[in-house]
Amino acid sequence: MNRIQNKLSEKKQHAGKAGKLLSIYFTAGYPKLDDTVEILQQLEKNGVDMVEIGLPFSDPLADGPTIQESSQLALKNGMTTEILFQQLKDVRKTVSIPLIIMGYFNPILQYGIEGFCKKCAEVGIDGLILPDLPLSEYKEHYHEIFKKYNLINVFLVTPQTSDDRIRQIDTASDGFIYLVSSSSVTGNSDGFDENQENYFSRVASMQLKNPLIVGFGIKDATTFKQATSKTKGAIIGSAFIKTLARDGKSGISNFIASIREV
Amino acid sequence: MNYNVNEKGYYGDFGGAYIPEMLYPNVEELRQNYLKVMGEESFQKEFRQLLKEYVGRPTPLYFAKRLSEKYNTKIYLKREDLCHTGAHKVNNTIGQILMAKRLGKTRIIAETGAGQHGVATATVCALMGLECIIFMGEVDIKRQAPNVARMKMLGAKVVPATSGSKTLKDATNEAIRDWINNPVDTHYIIGSVVGPHPYPDMVARFQSVISEEIKTQLCEKEDRENPDFVAACVGGGSNAAGAFYHYLDNLDVGLIAVEAAGKGIDSGESAATSALGKVGIIHGSKTLLMQTADGQITEPYSISAGLDYPGVGPMHANLFTSGRGEFISITDDKAMKAGLELCKLEGIIPAIESSHALAIFEMRKFKKNDVVVVNLSGRGDKDLDTFIKYFNL
């Protein structure tokens, strides 16, 4: 089993709050080029269950201004795919929670798909989230390679995704489904309303084989609680990046504590 | 070999739909419907009528006598510069606004670089009474003030793209993000043969009226359907796609795609994607694009704002790698000279984009009896400022 699957089954043992998974997204190379490993260590220390490491891209289509800016700054700081792998070389000596790389397909295509997957396995990456790698292409060309290196590919589902397609995605997934909270790019949130809660309930009631983890628009304890009332967990990205921008790494422990407090 | 799109949305190895799941329902809706809608008699009737009465088609195929004499070959100009709004762009926006209406969309978004596609989109939205939002790079808004004013006069809202390099590729990113945020009521009118399938094919089909007319017109003038060569400039590649379309699989017709070399291919300031690009993903399509070794998309340069796109459409990427198309890159200087030459020899002021295609006659020889059709994609009024500065007029 892979660390993501282990973590998810471990969470299954707990009822209530303790059973809810908190995942954090941050952009590698932000705010400083060499912050990556220290941020990972602090997130684990403060009780985060899983981390998505953003591989910065010049043209992040699905991201709002906060993650766009952090990506641009990370690239300006000199972050590259190769440097990220160098930084992560010994990460498994100090960090044991599941690690996922989230990025766009083009930089990975340039690195070489198989070479990238191999490197992920070497440094201890457990999964990939590539929003612009579509289901059909994945199944046809990449599924076997990902499997060979024990990498879990995570697909997105949105409020507009049809039930049929959700079932197809569920079949193709073997970790969790990333439930995008609203029809929106990242970082757009005024909190959740009835529509979103109905949507979470609707997908939750489909009895899928993969657990649901909600992302986009979760920024504080209230939205975390709303997002996870019907699902297994939630991912926070833009709100965490904003914390790093404002308080630097010293803000991490307070931020994580504030999410878990309710 | 077939150089058109296959049933999976690929031209050879290029194309596809590399889009986030958030866009899937929109793009899928379009994919499932576009051929059916375009095949409907009522659609064709309305499209053809608007092209005739509103756009002013057919545009003339003009024998450029003095230009032909100078280069000792037979040069015809397909006068897309005479279309309403001054360029071929409107062929596509007319088609797509009719598509949007049939799909029940009430809100139109588009990206624009120099502003030509923005103006063509704002025009058809005014014609149909639909809400229109144009994304334009903040840098381009400053460079292209007259077109910004035109869009506003036509009732469009112009939204500055402030991300990234603040030019065309970023305007396209912003339009895509807007579509993610408005998945139900909005249609995105892409201006070129780029983006996820079915856009490249749909836009090429709307622009294919250009080569359809060339065939008929050449019969009248030369008693033959096929020229020896068709030449067109390529940024994303929509005018070239339209001019090549009905000749793609006819190997007797040479297809010449003309890219902007900017200050020279090796200068670091260029937009010659075939020479400088590698296979990758941009705006949902697998194609050739200019990028760093690490896969970050780079900013192109050309004196012509309509050609500085870091990729080319997948049809053109396939024409290049298969060898079916002949790719020539033209520097700023050569394009500007060729543009001014057309003014002096034929009394036609071309757009700087189209001037690139005219510059091939300095670059390569044609036989005396060769029939060469150059797609004159747009008129030069919008470029007067650039011409004035360049030639100290």
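Predicted model: local features only at pLDDT ≥ 70, side-chain atom pairs only at ≥ 80, totals over all residues.
Residues are numbered from 1 along each chain as written, chains are lettered from A, and side-chain values rest on heavy atoms, without hydrogens and water.

At the interface, 35 residues of chain B are in contact with 37 residues of chain A (contact: heavy atoms within 4.5 Å). The area buried between the two chains is about 2800 Å², with 52% contributed by carbon and sulfur atoms; buried area is the accessible area (1.4 Å probe) that two parts lose on being put together, summed over both. Of the area that chain B buries against chain A, 22% comes from Glu21(B), Met22(B) and Arg177(B), more than from any other three residues.

Three salt bridges cross the interface (a side-chain nitrogen of Lys or Arg within 4 Å of a carboxyl oxygen of Asp or Glu). One of the salt bridges joins the side chains of Lys169(B) and Asp59(A), at 3.0 Å from N to O.

Secondary-structure elements are DSSP runs numbered from the N terminus, with helices (H or I) of at least four residues and strands (E) of at least two. On the side of chain B that touches chain A, α1 (24-39), α8 (168-181), β11 (278-282) and β12 (285-289) each supply at least two residues. The most is given by α8(B), with eight residues.

Within chain B, four strands form an open sheet in the order β7-β6-β5-β8, with parallel pairing (strands pair if DSSP finds at least two bridges between them). Because β7 (157-161) and β8 (186-188) of chain B each have a single partner strand, one side of each lacks a neighbour in the sheet. Strand β6(B) (residues 131-137) pairs with β7(B) over five bridges, and Met136(B) stands opposite Pro160(B). Helix α8(B) packs on this sheet, touching β5 (107-112), β6, β7 and β8 of chain B, and its direction makes about 160° with that of β5(B). Axes are lines fitted to C-alpha atoms, for helices over the stretch in contact, and angles run from 0 to 180 degrees between N-to-C directions.

In chain A, nine strands form an open parallel sheet in the order β5-β4-β3-β2-β1-β9-β8-β7-β6. Its edges are β5 (152-153) and β6 (156-157) of chain A. Two bridges link β6(A) to β7(A) (residues 177-180), with Val157(A) opposite Leu179(A).
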